[in-house]
Amino acid sequence: MGPKVRIVITEENKAVVSIQAWWRGTLVRRTLLHAALKAWIIQGWWKQKLVLLMENRRRVALDAFARQEWAVVKLQSWVRMWCIRLRYLRLLHAVRIIQVYWRWHSCHTRGFIQGHYDLKENQLNLQLEISLGSQACRVQQCIPLPIKE
């Protein structure tokens, strides 16, 4: 290696070096400040975007949940309606069976009367059919009416 060179720094050179160091430090700090401000602006913009994205995701999730809940409620109401309809139809069938047996019992134990009548001038024509249990009786009668003239 070659001989070492000694650099002699005078007072004037020291002042120049300190001014240069101060100026370079100022430039570096200014550059860092500008970079920090730009990063802060970008971070603020990104936070706003994230808030909007999260809000949109929340809204979409809420809409999906509301649609699912609505579908579940609708399905439950259909199932309840179907169960109640089946119960109603069973009861209606039972009522019809009871009515048929009751009418048959009523006709066979009490009997019934069917008939027609015809009113002509001074007579009443009756045709009656009386049913009591398994027995039936037909009556036809012509009754003269006393009409004063």
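Colleague: How many bridges join E1 to E2, and which way do the two run?

Modeller: Nine bridges join E1 to E2, and the two strands run antiparallel; strands here are DSSP runs of E with at least two residues, helices are runs of H or I with at least four residues, and both are numbered from the N terminus. Two strands are said to pair if DSSP finds at least two bridges between them. Within this pair, aspartate 118 stands opposite asparagine 125 in E2.

Colleague: Before we go on, where do the numbers come from?

Modeller: This is a predicted model, in which local features need pLDDT of at least 70 and side-chain atom pairs count only at pLDDT 80 or more, while totals for chains, interfaces and linings use all residues. Residues are numbered from 1 along each chain as its sequence is written, and side-chain values use heavy atoms, with hydrogens and water left out.

Colleague: OK, and what happens at the turn in the hairpin of E1 and E2?

Modeller: That hairpin has two residues between the strands, and glutamate 121 takes a positive phi near 30 degrees there.

Colleague: What does E2 do with E3?

Modeller: Strand E2, residues 123–132, pairs with E3 in the antiparallel sense over 10 bridges. Among the facing residues, glutamine 123 stands opposite proline 144 in E3, and leucine 124 stands opposite isoleucine 143 in E3.

Colleague: So what is the order of the strands in the sheet?

Modeller: The three strands form an open sheet in the order E1-E2-E3, with antiparallel pairing. Strand E1 (112–120) and strand E3 (135–144) stand at the edges with a single partner strand each, so one side of each is left without a neighbour in the sheet. Neighbouring strands of this sheet are turned by 10 degrees against each other on average, direction ignored, where the axes are lines fitted to C-alpha atoms (for helices over the stretch in contact) and angles run from 0 to 180 degrees between N-to-C directions.

Colleague: And the chain as a whole, what pattern does it follow?

Modeller: The protein chain has one helix and three strands, and along the sequence the pattern is α-β-β-β. Of its 149 residues, 3% count as buried, meaning under 20% relative accessible area, whereas exposed means over 50% and partly exposed lies in between (1.4 Å probe, protein chains only).

Colleague: Switching topic, how many salt bridges does the count come to?

Modeller: The count comes to three salt bridges, a salt bridge being a side-chain nitrogen of Lys or Arg within 4 Å of a carboxyl oxygen of Asp or Glu. Glu55, Arg58 and Arg59 are linked in a network of them: the side chains of glutamate 55 and arginine 58 meet at 2.7 Å, N to O, and arginine 59 bridges to glutamate 55 with the closest N and O atoms 3.9 Å apart.

Colleague: Why can those residues reach each other along helix H1?

Modeller: Glutamate 55 and arginine 58 are three residues apart in helix H1, so about one helical turn separates them, and arginine 59 and glutamate 55, being four residues apart in helix H1, are likewise separated by about one helical turn. Glutamate 55 is partly exposed at 29% relative accessible area, as are arginine 58 at 45% and arginine 59 at 42%.

Colleague: Which residue forms a salt bridge with glutamate 129?

Modeller: Arginine 138 does, with the closest N and O atoms 3.9 Å apart. Arginine 138 counts as exposed at 68% relative accessibility, while glutamate 129 counts as partly exposed at 28%.

Colleague: Which residues form the nonpolar patch on the surface?

Modeller: Ile42, Trp45, Trp46, Leu50 and Leu53 form it, with about 520 Å² of accessible area together. Leucine 50 is found in helix H1, residues 11–110, and counts as partly exposed at 36% relative accessibility. Patches are made of residues with over 30% relative accessible area and no salt bridge, with like charges joined within 9 Å and nonpolar side chains (Val, Leu, Ile, Met, Phe, Trp, Tyr) within 5 Å; accessible areas come from the Shrake-Rupley method with a 1.4 Å probe, and for residues only the protein chains shown count as cover.
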